[in-house]
Amino acid sequence: MDYISPVPRVRRWIVVLAAVVFAILIAGRWLADFAIDWQWWGEIGQRDTWIAMLAYGTGPVLAATVILFAVFFTAHARGLKSAGTSLGGHKLYARLSSLILVLLSLLVAFATVDSWTVVRYFGGMGAAAGAWRDPIFGQPLTFYFFDLPFYGVLLRTVLALSLGSAFIYWLTARGWSLSQQAKRFEDVGEGGATFDLRSLQLGAALEGRFFRIAAGVFFLALAARFYFDRFDLLFE
């Protein structure tokens, strides 16, 4: 019977414990604020109101994060397929890349989505337009107060989504293409293989259908942004 040293297992638990302690230290201030708010709103009997406000303030960002991750993950998978490989053959890379994409999606969602703008839009959908309309475009005040800010958030998110997915696709496809070239270079030897750096050019990415679709969505969203800028200018 072979003897298995307990040292690697102990080291693994030390790493896990250190990661947990680090996460608690990073999130300590947020946890303290959460506990204080929970107690304070409970003291005044409005804890349900606080939970509703918390849901309204974070729901749109979380929904945008899910959508962004789905598109970024698809772009990453398509980039791997373009390079002739897949996530199934790289287990550790698949986990790390998925974690990075989740963090990136969350960061982009927080940067582009204003939760209360989204809440005001859906909350004001039933508001009466009123008799007043602007003399230039004939839009009511509800359009400028509720619709226009929401369209700005939506277009900003779509622009970031299309640009980010195109970059992820290009970076993944070209990075893995060079990685495979390097592997062939090592296997064959210096005299039997060469690097083709032309694959790093932007024109090479245009061969992929996903990249072209992302570019098309980007330019359509940009055109819509220019269209709504005239309403912003009038409102200002």
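User: Which range of angles counts as roughly perpendicular?
Analyst: In describing this predicted model, angles under 35 degrees count as roughly parallel and those over 145 as roughly antiparallel. The range that counts as roughly perpendicular is 65 to 115 degrees.

User: How are α3 and α5 oriented to each other?
Analyst: The axes of helix α3 (residues 47-82) and helix α5 (residues 115-123) come within 8 Å and cross at roughly 105°. That angle falls in the 65 to 115 range, so α3 and α5 are roughly perpendicular.

User: How are α2 and α3 oriented to each other?
Analyst: Helix α2 (residues 28-43) and α3 have axes that come within 7 Å and cross at roughly 140°. Roughly antiparallel would need an angle over 145 degrees. The pair α2 and α3 is therefore oblique.

User: How many charged residues are in the contact of α2 with α3?
Analyst: Phe34, Asp37, Trp38, Gln39, Trp41 and Gly42 of α2 meet Arg47, Thr49, Trp50, Ile51, Met53 and Leu54 of α3. Seven of the residues in this contact are nonpolar and three are polar, while the charged ones number two.

User: What percentage of the residues in the protein is buried?
Analyst: The protein has eight helices and zero strands. Buried here means under 20% relative accessible area. Of the 236 residues, the buried part is 28%.

Terms used
Residues numbered from 1 in each chain as written. Predicted model: local features only at pLDDT ≥ 70, side-chain atom pairs only at ≥ 80, totals over all residues. Heavy atoms only, no water. Axes fitted to C-alpha atoms, helices over the stretch in contact; angles between N-to-C directions. Helix = DSSP H or I, 4+ residues; strand = E, 2+ residues; numbered from the N terminus. Contact = heavy atoms within 4.5 Å. Nonpolar A, V, L, I, M, F, W, Y, C, P; charged D, E, K, R; others polar. Buried < 20%, exposed > 50% of the residue type's maximum accessible area, 1.4 Å probe, protein only.
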